[in-house]
Amino acid sequence: MSPARGHRPAGWWGPASTPRSPRRVPPRTGAGSRCGFGRTWWGRAWVAALEGRARLDPNRLPRGRSYARSGAVGELRITPGEVQAPVQGTRAEPYRVRVRVRTFEAAEWDRVLRAIAAQLGHAAALLDGELPPGVAEDVWAVGLDLLPGPGELQPRCSCPDWADPCKHAAAACYLVADVLDSDPFMVFLLRGRGREEVLAGVRAHRAPAAQEGSPSTGAGNDPGVAAREVYAQGEQPPLPLPPLPPPRPGRPAPPGADPPPGSGVDPKALAALAADAAARALELALGEGDGGLGFDRDADLARRAAALVGSPGFGELARRAGIGGRELLRRALAWRHGGPPGIEALSHSWQPGAGELDEARAVLGPGARAWRNRLTLEGRQLRLGRDGRWYPYRRAGGGWDPAGPPEVDPRLAAPR
């Protein structure tokens, strides 16, 4: 029920409960965009709940859409059952918006997860990061709604406008639809549980069903066909051609159960390694190299680091490898610019033949000093790789950073 006009319920903007899995979403960029909100079925359901709540006072919705598109909404903070965001209005200080949604209780979550796990296709899609419409139907079948309806949305704002919702709250709600479009697991977080909790619950409810069909119990065990019976049938049709490789790496299937406590196995790290293995397997299938099977430890570490630059996983990789972040960044840059030969140019020196450095020395200019395969002038350096290409470097942070891709012509490679 909405609060009566002229009276705000005590404590509605009080301290939020401590979230288990907070999600921060940067402000929307691209002022002036006319794109709509809610591209997926679950995003549209959220928008429908918002607009259904505003049915008695809908004139704030157009202004809310304008605020959302103009970048007036700051960082969204999504926690179990709640969304918070600052929204810039006509005053210097942004207004504070809070949107609350009822969370499921433990017994309700058990019904939800049991219903989803009972449908193999829906459970598999969810474990694969997708949210098919049938999941909402599974939840509805046990008497609950996965997406909140108009009566469950509770938008509140610190502005003096008593419309329900006001334009500031409407703007924040419209942008929540963007978040739900990009990450369907935010639907579950709004109901009280984050991605890992939901996946663990689905796996836990799937495990008994999987054990019932395991070969050890005999249920669902295919006895196969004896080879003599096949050969007795005479000439067989030709085998079909092998299928073409997929257009992108597949998503590794999550394990059937979480690692035992104290095992030292990190499920996230294990999933990252499995995804990396899938990408390398696709390289092999497409004939685009050996999938990294010939890389030594240093080259493989640089390859993985290059894919994680700018992400939280980069720091975790540096910690696990026992290497400083700056040094790992150098290796990642060397890999990006030159692959395995770039890593060798970063880490190893060698003695070229007489005269092999002369052209590059003239490019750097008078005063260039030579040491083995490296020519240095002040803060610039050229390194001759064993592949005959010149690798540019610049002095930074007490060392030398790769400064660009290698070139056969030292005039093109010389750092400016």
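## Partners inside a predicted model

Glu316 is partly exposed, because its relative accessible area of 32% falls between the 20% and 50% cut-offs. Keep in mind that this is a predicted model, so let's look at who sits beside whom.

Glu316 has a partner: its side chain meets that of Arg320 in a salt bridge, 2.9 Å from N to O. Both residues belong to helix α12 (residues 312-321), and the four residues from one to the other make about one turn of the helix. Arg320 is partly exposed too, with 48% relative accessibility. Why might such side chains get together? Side chains of opposite charge can pair when their charged atoms come close.

How many salt bridges does the structure hold? The count is 26. Here are three of them, side by side:

| Salt bridge | N to O distance | Where the residues lie |
|---|---|---|
| Glu316 and Arg320 | 2.9 Å | both in helix α12 |
| Arg280 and Asp276 | 3.5 Å | both in helix α10 |
| Asp298 and Arg331 | 3.7 Å | helix α11 and helix α13 |

Asp298 is partly exposed at 34%, while Arg331 is buried at 17%. These two also belong to a network of salt bridges with shared partners, together with Arg297, Arg326, Glu327, Arg330 and Asp401.

Now for the rings. There are six aromatic pairs in the count. One of them is Phe37 with Tyr174: the ring centres are 5.1 Å apart and the planes meet at 35 degrees, so the pair is tilted. Phe37 comes from the loop between β1 (23-25) and α1 (41-53), whereas Tyr174 comes from helix α6, 137 residues apart, and the pair links these distant parts of the chain. Are these two residues buried or exposed? Phe37 is buried at 11%, and Tyr174 is buried at 1%.

Trp41 and Trp42 make another pair, with centres 5.5 Å apart. Their planes stand at 90 degrees, which is over 60, so this one is edge-to-face. Trp41 is partly exposed at 22%, but Trp42 is buried at 10%.

Rings can also gather in a group: Phe104, Trp109, Phe185 and Phe188 form one aromatic cluster. Elsewhere, Arg372 lies over the face of Trp371, at 5.8 Å from the ring centre.

Back in helix α6 (residues 167-182) you'll find His168. With a relative accessible area of 4%, His168 is buried. Which residues does His168 touch, leaving out those up to four places away in sequence? They are Tyr67, Val87, Gly89, Tyr95, Val97, Cys157 and Cys159.

Finally, a hairpin. Strands β2 (residues 76-79) and β3 (residues 82-87) pair in the antiparallel sense over three bridges. Ile78 has Val83 as its bridge partner in β3. Two residues lie between the strands, and in this hairpin Gly81 takes a positive phi near 80 degrees.

Conventions
Residues are numbered from 1 along each chain as its sequence is written. This is a predicted model: local features need pLDDT of at least 70, side-chain atom pairs count only at pLDDT 80 or more; totals for chains, interfaces and linings use all residues. Side-chain values use heavy atoms; hydrogens and water are left out. Two strands pair if DSSP finds at least two bridges between them. Buried means under 20% relative accessible area, exposed over 50%, partly exposed in between (1.4 Å probe, protein chains only). Contact means heavy atoms within 4.5 Å. Rings of Phe, Tyr and Trp (its six-membered ring) pair if their centres lie within 6.5 Å; planes under 30 degrees apart count as stacked, over 60 as edge-to-face and the rest as tilted. A charge sits over a ring if NZ of Lys or CZ of Arg is within 6 Å of the ring centre and within 35 degrees of the ring normal. A salt bridge is a side-chain nitrogen of Lys or Arg within 4 Å of a carboxyl oxygen of Asp or Glu.
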